[in-house]
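Dear colleague,

Please find below the structure for your review. My findings follow it.

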Amino acid sequence: MIAIDEIREIAAKVQLTNLVVEKDYALGWLLWGINQHSVASADWVFKGGTCLKKCYFETYRFSEDLDFSYIGNSQPTVESLIGILTEISDIIFEASGIEFPKASIQFEIFKNPRGSLSIQGGIKYRGPVRPQVGLGLMPRIKIDLTLDEPLVNPAIIRRVDHPYSDGPADGISILSYDYEE
């Protein structure tokens, strides 16, 4: 995990708070973890504003959530999603030292306005800004999976912008929407 000084330096450079930059840092590592997981890396297609920021435009607005289209063949359950994020949190902690507490993983499956199922969930993290904060006060990353959104163009692997010193040696990539999508 990077030191708070690196967060402060980047926050001053981009004129944002330390907590916003820390979340961007955590998002990068979470995307890396998703790409390392055999199921999530094949079935979750990254999309939305955070995808634009992390995969296409470095200067696009900072985001707080991760949006995915689900393209898997089996219907995800709350239990399967919790299992996936539990495994991802272990992978990330081992590689980076960032804690994504398993007790903070939550998902719900519900009918969206189109009458189809959607999934909302999230996970909290302990980063360099407030490393001693308890679970109740940890920042949260929201995760949305859309199950009824067909892709017109094939999903592609995109490099993720992660301008932090402790990034993986081979960088971060993720299955995502192509720009036209």
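This is a predicted model: local features need pLDDT of at least 70, side-chain atom pairs count only at pLDDT 80 or more; totals for chains, interfaces and linings use all residues.

Residues are numbered from 1 along each chain as its sequence is written, and side-chain values use heavy atoms, with hydrogens and water left out.

Asparagine 112 lies in the loop between S3 and S4; helices (H or I, at least four residues) and strands (E, at least two) are DSSP runs, numbered from the N terminus. Because its relative accessibility is 8%, asparagine 112 counts as buried (under 20% relative accessible area, with a 1.4 Å probe and protein chains only).

Strand S3 (residues 106-111) runs antiparallel to S4, and six bridges join them; strands pair if DSSP finds at least two bridges between them. Glutamate 108 has glutamine 120 in S4 as its bridge partner. Five residues separate the strands of this hairpin, where glycine 115 takes a positive phi near 85°.

The largest nonpolar core has 40 residues, and those touching the most other members are Leu30, Ile34, Trp44, Leu66, Phe68 and Phe100. Such a core is a set of buried Ala, Val, Leu, Ile, Met, Phe, Trp, Tyr and Cys residues joined through side-chain atoms within 4.5 Å. H2 gives the most to this core, with nine residues.

Kind regards

Methods. Buried means under 20% relative accessible area, exposed over 50%, partly exposed in between (1.4 Å probe, protein chains only).
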